[in-house]
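Student: I have a model to go through with you. Can we take the terms one at a time and set each against its definition?

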Amino acid sequence: MLRAAFLLSLALLPACVSAQEESDWIAYRDVYRQMIWFEKYGKPKQFLQNHFRLRPRDKSVSMDGLRLALNSKTAQVSLALDALGRAVLPFSKAAYDDNAELVINRKAGQFKAGPWVSIVTRPDGVYAAADLRVACEQLLAYLRHGGDATGKRCVGVQFTYSKNDAAQLQFQAAGGAVSALAAKEGPAFEGDVVQGFRVFAYRFAALPEAGQVVTSSTPLAIAALLE
């Protein structure tokens, strides 16, 4: 069921960035050009967010201790990574002009790197079913804008938690009925080699159209399920 989870992948990266994945550094200018693609995207995207992401090529590669820094001739800035290897990339003209580098503290070729779009989480933990449907459609439209997801359709969204998080998710129908969403083990995003997360799939067709998903804690990520 989770094989249909679809997120923006490295398909949008230029060849020069792909080549630099064999090194422990990536040219900031190349990443900037790809990240700005999302900023300039003119269709609705209020439910989407864009990160720079590092993800292991092999399941034996650990994320523990992974660090990312933006190095220029005049400064070194550490960029915080979340549990899924995502960082907020600063848009800096000075770093661009200085031909700065994004540096990781690992051996060459251990990680894939590039833009990563996902659905925004809510601090109150309450997600209207209508909003989640729109969010999925927005992500699908963005993928299609980049030439991906041809022939796919939105069938739901996936909430991801760490394996030790005891979070619970419920669907509360507009009529008052409550249904618990079942947790399974799997990857946060389709194509990830790292498994072992607690994931909850909310499939639109399985529950009433009107209602809301209520979470007991904030997920690490929300992905679109496309088939």
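Tutor: Start with pockets. On a 1 Å grid over the protein atoms alone, a pocket is an open set of points where a 1.4 Å probe fits, with protein on both sides within 12 Å along at least five of seven lines; lining residues have an atom within 4 Å of a point. This is a predicted model: local features need pLDDT of at least 70, side-chain atom pairs count only at pLDDT 80 or more, and totals for chains, interfaces and linings use all residues. Residues are numbered from 1 along each chain, and side-chain values use heavy atoms, without hydrogens and water.

Student: What makes a residue part of the lining of the second largest pocket, and which residues are they?

Tutor: The 4 Å rule decides. Ser162, Lys163, Asn164, Val194, Gln195, Gly196 and Phe197 line the second largest pocket. Its space is about 150 Å³, a volume being the space filled by probe spheres set on the points, which are joined across faces, edges and corners.

Student: How does that lining divide by class?

Tutor: Into 2 nonpolar, 4 polar and 1 charged. Ala, Val, Leu, Ile, Met, Phe, Trp, Tyr, Cys and Pro count as nonpolar, Asp, Glu, Lys and Arg as charged, and the others, Gly among them, as polar.

Student: What is known of the largest pocket?

Tutor: About 200 Å³ of space lies there. It has 14 lining residues, and Met63, Ala83, Leu84, Val194 and Phe197 are the closest to its centre. The classes are 8 nonpolar, 1 polar and 5 charged. Strand E3 (residues 48-56) gives the most to this lining, with 4 residues. Strands (E, at least two residues) and helices (H or I, at least four) are DSSP runs numbered from the N terminus.

Student: Why are strands E2 and E5 said to stand at the edges?

Tutor: Two strands pair if DSSP finds at least two bridges between them. The open sheet runs E2-E7-E4-E5, with antiparallel pairing. E2 (25-27) and E5 (76-79) each have a single partner strand, so one side of each lacks a neighbour in the sheet.

Student: How do you know that E4 and E7 pair?

Tutor: Strand E4 (residues 68-71) and strand E7 (residues 101-104) share 4 bridges, in the antiparallel sense. The definition asks for at least two. Leucine 70 stands opposite leucine 102 in E7.

Student: Why is valine 134 called partly exposed?

Tutor: Buried means under 20% relative accessible area, exposed over 50%, partly exposed in between (1.4 Å probe, protein chains only). Valine 134 has 36%, so it counts as partly exposed. Valine 134 lies in helix H4 (residues 129-145).
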